[in-house]
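Hello,

Here is the structure I promised to pass on to you. Please have a look at it first, and then read on for what turned up in it.

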Amino acid sequence: MTTEDPNDPIIVNDDEDLQVSPPPEVAGGIPAVMATMKHAQKKMGVFRGTKTLLRLNKEDGFDCPGCAWPDPAHRAPAEFCENGAKAVADEAMSDTVGAEFFQKHSISDLMKKSGRWLNAQGRLTHPLLRSPGSDHYEELSWEDAFSLIADELNALDSPDEAVFYTSGRTSNEAAFLYQLFVRAFGTNNLPDCSNMCHESSGVGLSEVIGVGKGTVLLEDFDRTDAIFVIGQNPGTNHPRMMTALQSAARKGTKIVSINPLKETGLTRFKHPQEVRGIVGKGTALSDLFLQVRINGDVALLKGIMKEMLEEEDRRPGEVFDHEFIKENTTGFDDFIEDLRESSWEEIVENSGIGREEIRKAAEIAIDADRMICCWAMGLTQHKNGVANIQEVVNFLLLRGQIGRPGAGACPVRGHSNVQGDRTMGIWDRPSEAFLDRLEEVFAIDAPRDHGLDTVHAIKAMKSGEAKVFVAMGGNFLSATPDTDYTAEALKNCRLTVQISTKLNRGHLVTGDRALILPCLGRTEADEQAEGLQFVTVENSMGIVHPSRGKLEPASSDLLSEPAIVAGMAQATFGESSSIPWAELVADYDRIRDVIEEVIDGFEFYNRRVRQPGGFALPNPAREGRFETETGKAGFTVHSIPDHDLQKGEYLMMTIRSHDQFNTTVYTNDDRYRGIKNARRIVMLNAEDIEEAGLIPGQPVDLVSEYAGTKRVAPDFKVVSYDMPRKSAGTYFPEANVLIPVDEYAHRSHTPASKSIVIRLRTHQ
Ligand SMILES: Nc1nc2c(c(=O)[nH]1)N[C@H]1C(S)=C(S)[C@@H](COP(=O)(O)OP(=O)(O)OC[C@H]3O[C@@H](n4cnc5c(=O)[nH]c(N)nc54)[C@H](O)[C@@H]3O)O[C@H]1N2
Ligand SMILES: Nc1nc2c(c(=O)[nH]1)N[C@H]1C(S)=C(S)[C@@H](COP(=O)(O)OP(=O)(O)OC[C@H]3O[C@@H](n4cnc5c(=O)[nH]c(N)nc54)[C@H](O)[C@@H]3O)O[C@H]1N2
Ligand SMILES: [Mo]
């Protein structure tokens, strides 16, 4: 398994002349406004563009299909950010790809186009079928599409031979119906994008604080004294979080950022929708920037806590919150013993941060009565992703920083409803209690064996154990690790089905037969038998609220995601189903009524979700109750990961540019990092470049070797960047070919997309 072939069609190189300039010092400001308007008008036209943006994140508008950052209680007239506007424009664009497009372009022809080109062609409009052996997609009716799926599913020897993936844009209503269909069919094979994203947070937090979600609300940012932002690039990926950081900074809250890169958004920010954001220097955001080595966070956090321990030894009782620790936690003594034993040498070496800087971070933590820790993919996508998260919890527990206002854990979620999908039961490892409730309410036999997560679904398709693949959104081929391996896995299937809004590479690498089922997006009006519907979503802080699409759908032939699920279910189960699919879909209030019956925290769902601002789901840890096995929060002990890099080896992280949403690439520029026209680039430290005898701009091949197999990503240009020695930065999804499918986190099985050992060789 290699990608030695430079013409490998899986990722098409459409780079132009690479230009590199120093990254800007300030995020936001006028360039962000300009970028927003450009995207909106180019894709939607002036009128549709402005109208659409003004409905974004409003009480009676739709939820931004970008990230999962919550909306403030008092919303501004324009409650959106540059990158949210790009995500909206990309969905609400006026161009379409219909049957004619697919007559004109064969699949092998489309394989030669880049993912960026495919996405830019427009919205999918009709159901499409690729017949066995055919090089074209052809239009078919919804009825034929559903009966084809039903025939394939019913022909399987076991329901476990089918896999049902979900990406995180799917609404609560669609997600609930989808998992119900899948469980009524008889399997828990429900992998999702969360498996590749915050699964390490979910697993880590559940074990030690009893809830797999964050514990803070947006208002906590107003009353905290210190915010640690770890392994996260909010200026690009959660721009609306910048508003919260800015207002905290103006109140004197200390902000510490821990990142191998000095991300533009983490230093200075100008609010693009404020007068002060148009003129002026912007607000300084980081009081302390710690340029940690890739995967040096366990070492660094231990260092900070060891400093705190030394201060506690000097001033007993003044640093740690002993009362909280005694009443509410377990494992403190073992934790402290390990902290005393860990050596400063190992901490400094593995974190790449000197004692003095570590000391400064510890002082900020000690001085903060209330502290919040935020994190994202920089912590979760490592082999020790779960340990990273639990080390953050240790840090919070030392001063009782969980379960009171202004303090807590804040995993910042990615997709706009990824957290809601999990609440709705999109999970390969559902609890027994959840399955019991499904059985009671719907008179079905819910499967009890755990299902396949993303990594194991790929492996099962590769080995032939799984034969039918259905994806509710997403781009499974490009988002998963080991692109070539995953491609083989998908090709092995008898049927692959993609429920999508836009064309992506995942539609081109298919099973014997393939279906594309085009669906409504967030922005569009959803008319069902009993009238206009709205859907609901849960943000990163556990607030459930409505999302109402208003635009005219891109095509009259689109179905909503819930209607597509009902169509598949009715065709698969026929008359024998105990579930009234058509009735549920006719009025989504009925779906919400059954959700209320199955899932705790949704009492009076239909009434409460119509209240301004929606409602918060219960979160015991937020209130200081830890529903773990011991009834207490747990301190845990983790060893410092050591990558033992040899000469010529680098630890590679795969990250997002400023102009992409996951696998959807808008342009080949990365404005906040000063990179233009190219995505096949590898960022390296200047001294490493020199030591390797390379020069910036030079093309190299990236090679990853793993357990006797070799993977190559050819033709990446060297970019000199301010980053720690021995680290490398590349973009997702171009570098996914290098990530071995078996290189995933302990227990959460999240691919180690941020710590892959690579070598470089000259590109011939
Ligand atoms: N515009 C836009 N918004 C998005 C997305 C998008 O693609 N585009 N994607 C959405 C999704 S699904 C998600 S999950 C989020 C992702 O949001 P992020 O997690 O912010 O995204 P990444 O680009 O993966 O960046 C991770 C950051 O971690 C740093 N990092 C890498 N390795 C380490 C490490 O070992 N330690 C530390 N401390 N830092 C490290 C990188 O330098 C980078 O700044 O954003 C969501 N929002
Ligand atoms: N190397 C590396 N790999 C990674 C990551 C990384 O940091 N590095 N990050 C991981 C993370 S955090 C995530 S979340 C995953 C993302 O994985 P996915 O969620 O699978 O990927 P996306 O690129 O978000 O999916 C984009 C596609 O979704 C479809 N789509 C968009 N909106 C809708 C909608 O409303 N409904 C439906 N049905 N379809 C829609 C469109 O067809 C679009 O082409 O990737 C993971 N992969
Ligand atoms: Mo994500």
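This is a predicted model: local features need pLDDT of at least 70, side-chain atom pairs count only at pLDDT 80 or more; totals for chains, interfaces and linings use all residues.

Let me begin with the overall layout. The domain assignment gives four stretches or pairs of stretches: domain 1 (19-23 + 646-762), domain 2 (28-89), domain 3 (96-193 + 426-610) and domain 4 (199-411). For domain 2 and domain 3, the centres, taken over C-alpha atoms, are 27 Å apart. Where these two meet, 16 residues of domain 2 are in contact with 15 residues of domain 3. About 1,400 Å² is buried between domain 2 and domain 3, and carbon and sulfur atoms account for 55% of that area.

Now to ligand 1. Around it there are 32 residues, of which Asn259, Glu263, Asn295, Asp297 and Asn662 come nearest. Both domain 1 and domain 4 contribute residues to this shell, so ligand 1 lies between them. Four elements each supply at least two residues of the shell: helix H10 (234-237), helix H18 (377-380), strand S25 (649-655) and strand S26 (660-661). By type, the shell of ligand 1 has 13 nonpolar, 15 polar and four charged residues.

A polar backbone atom of Asn662 is 2.6 Å from an oxygen atom of ligand 1, and an N or O atom in the side chain of Asn259 is 2.7 Å from an oxygen atom of the ligand. A nitrogen atom of ligand 1 lies 3.1 Å from a backbone N or O atom of Ile258. Taken alone, ligand 1 exposes 920 Å², and the protein buries 99% of that.

Ligand 2 comes next. Its shell holds 29 residues, with Tyr165, Ala479, Glu561, Thr663 and Asn736 the closest. The shell of ligand 2 is made up of ten nonpolar, 14 polar and five charged residues.

For ligand 2, a backbone N or O atom of Lys502 is found 2.7 Å from an oxygen atom of the ligand. In the side chain of Lys754, an N or O atom is 3.1 Å from an oxygen atom of ligand 2. Asn662 turns up here too, with a polar side-chain atom 3.1 Å from an oxygen atom of ligand 2. On its own ligand 2 exposes 940 Å², of which the protein buries 96%.

Enjoy exploring it!

Best wishes

Conventions:
Residues are numbered from 1 along each chain as its sequence is written. Chains are lettered from A and ligands numbered from 1 in the order in which they are written. Side-chain values use heavy atoms; hydrogens and water are left out. A residue is near a molecule or strand if one of its heavy atoms lies within 4 Å of it. A polar contact is a pair of N or O atoms within 3.5 Å; within protein, one must be able to donate a hydrogen and the other to accept it, and residues adjacent in sequence count only if both atoms are side-chain atoms. Accessible areas come from the Shrake-Rupley method with a 1.4 Å probe; for residues, only the protein chains shown count as cover. Ala, Val, Leu, Ile, Met, Phe, Trp, Tyr, Cys and Pro count as nonpolar, Asp, Glu, Lys and Arg as charged, and the others, Gly among them, as polar. Domain bounds come from an automatic or database domain assignment. Contact means heavy atoms within 4.5 Å. Buried area is the accessible area (1.4 Å probe) that two parts lose on being put together, summed over both.
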